[in-house]
Amino acid sequence: MTIASPDIIDLLAGITAGSALDRIRAQRPEAREQAQKSFLALFQPTDFGDVSAAERHAVASFVAGLHRQPDIFEFYISPFEERGTDRWLIEVIKAEIGAGRAKGPYGHYPDGPLRGENEAGPLYQVSPASREALGPKLSAALEHAHLLVFHLRDASPQALQVLLDAGWTTTGVVTLSQLVSFVAFQIRVIAGLAVLSTAAKRAAA
Amino acid sequence: MTEHAITPTVDNPPVTFTQAEIGWTPWLQPLAEEDLTERHIKGLVEAARAKSPYFRLLVRDPEVLEARTKTDKDIFYNTRLGLPRAERELAATAASRYNGCIFCASVHSRFASHHSKRGGDVQKLLDEGVEADLGERWNAIVAASVALTATPPIFGEEHVSRLSAAGLDELEIADVIHGAAFFNWANRLMLSLGEPTPAN
């Protein structure tokens, strides 16, 4: 059971009722409502299917950490803080965020004239100690999330096969891909609107 | 039982950014049209989308697809107020060009050209990349979309000031933000769940 959740983008972008940004978001009521419904469908679904709540929050906090968004990281990691037995997981994810930091987008284009725009960047792998702690399924998810966050144009059927071999189902991979991609969207709306909000307040002052 | 990814053989794949009507083929098995239930049809939002392998793949998680589709439609099609459609599509194209999604860029560059009647400038963005000179208003929209697409994002008050100087009000700037942000969702799905195929 879920009590009515606050609007997460408003919460994390610091948008308060009656503010300039609140009025702007009200002009796109369906986008506002459906972005929230996307969040709920990913993090509070009626049926978690092939992806557990812990896997969803672990991957989302990893994605937020790679984007260097401390508040959004904190938001997604918080369920683990409430349970003392999960503290190890927070430490492991923090360590992996530190190891996975990069600047994107980088990666390779298909053979052809765009090869001149290829950009090299790190190929992240979960450390052996973290892999031991997280298990193969979640480790594979973090590695795939890193690919999607920073060098999406390097994606391949082989990368999906790695997930399937690690215990993901086809439907689970769809949910995982949506989750990483949704958080990449959500982070940018929050970051963008937070900047706009600051600029609007300055202009009004 | 372990499932398998699909490795399609694509002859003459698109290897440059183009406004042509190219296709897309999945790397994971979509649901079969005959297996779609009421729940799936609702997730597709438009019944016609059952013809698309992309949507029949995403509909494996119908609630997420439904909310995503409705988010998309309001960001791009709700044009009673705010940024003209052409410039929302420009933001989508700039994000796709910068991330390197040839398929997404093809669709949204066509929309940008159609709505702006500036096909030559749109093609310049595809050919030269996000540094192309498209005139200050479009340059400001492209630069803001790229800064938001950078990972981590580097969008700052200087981008807001530049958009504002180019004549965009706050709602229009919010539309640029949403258009570029949404393609950071779409690009990741399109690039990682399949690949482009040539125009017929």
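Start by selecting A:Val59, A:Val63, A:Val180 and B:Ile177, the residues that touch the most other members of the largest nonpolar core, which has 120 residues in all. A nonpolar core here is a set of buried Ala, Val, Leu, Ile, Met, Phe, Trp, Tyr and Cys residues joined through C-beta atoms within 7 Å, and a residue is called buried if 20 or more other C-beta atoms lie within 10 Å of its own, exposed if 12 or fewer, and partly exposed in between, with the C-beta atoms placed from the backbone. The largest share of this core, 17 residues, comes from α9(A).

The model is predicted, so local features are described only at pLDDT of at least 70 and side-chain atom pairs only at pLDDT 80 or more, whereas totals for chains, interfaces and linings use all residues. To find your way, note that residues are numbered from 1 along each chain as its sequence is written, and that chains are lettered from A and ligands numbered from 1 in the order in which they are written. The value pLDDT is the predictor's confidence in each residue, from 0 to 100; chain B has a mean pLDDT of 97, with 100% of its residues at 70 or more. For the complex, the predictor gives an ipTM of 0.98 and a pTM of 0.98.

Two residues are in contact if their C-beta atoms, placed from the backbone, lie within 7 Å. Now widen the selection to the contact between the chains, which takes 59 residues from chain A and 55 residues from chain B. On the side of chain A that touches chain B, at least two residues each come from α2 (20-26), α3 (29-43), α7, α8 (157-165) and α9 (170-204), and α9(A) gives the most, with 22 residues. This side of chain A divides into 33 nonpolar, 17 polar and 9 charged residues, where Ala, Val, Leu, Ile, Met, Phe, Trp, Tyr, Cys and Pro count as nonpolar, Asp, Glu, Lys and Arg as charged, and the others, Gly among them, as polar.

**Chain A**

Show chain A as a cartoon, and its secondary structure comes to 9 helices and 0 strands. Helices (H or I, at least four residues) and strands (E, at least two) are DSSP runs, numbered from the N terminus. Along the principal axes, the C-alpha atoms of chain A fill a box of roughly 50 × 50 × 30 Å, and buried residues make up 46% of its 205 residues.

Next select α3(A), whose 15 residues reach 21 Å from the first C-alpha to the last, close to the 21 Å expected at 1.5 Å a residue; the expected span is 1.5 Å times one less than the number of residues. Its buried residues include A:Ala31, A:Arg32, A:Phe39 and A:Phe43. Which elements cover the buried residues of α3(A)? Among them are α1 (8-13), α2, α4 (53-66) and α9 of chain A, together with α3 (62-77) and α9 (170-193) of chain B.

Then go to A:Pro105, in the loop between α6 (87-100) and α7 (128-150) of chain A, where a cis peptide bond with omega of about 0° joins A:Gly104 and A:Pro105.

**Chain B**

Chain B comes to 9 helices and 2 strands, and along the sequence the pattern is β-α-α-α-α-α-α-α-α-α-β. Of its 200 residues, 51% count as buried. Select α4(B), residues 85-99, where 13 of the 15 residues are buried, and continue to B:Gly100, which follows this helix and has a positive phi, near 95°.

A cis peptide bond also joins B:Thr151 and B:Pro152, with omega of about -5°, and B:Pro152 is found in the loop between α7 (136-149) and α8 (157-165) of chain B. Most residues other than glycine have a negative phi, and most peptide bonds are trans.

Two last stops have a positive phi without being glycine. B:Asn12, with a phi of about 50°, is placed in the segment before β1 (23-26) of chain B, and B:Asn12 counts as exposed because it has 8 C-beta neighbours inside 10 Å. B:Lys117, with a phi of about 60°, is found in the loop between α5 (102-116) and α6 (119-128) of chain B. Is B:Lys117 buried or exposed? With 10 other C-beta atoms within 10 Å, B:Lys117 is exposed.
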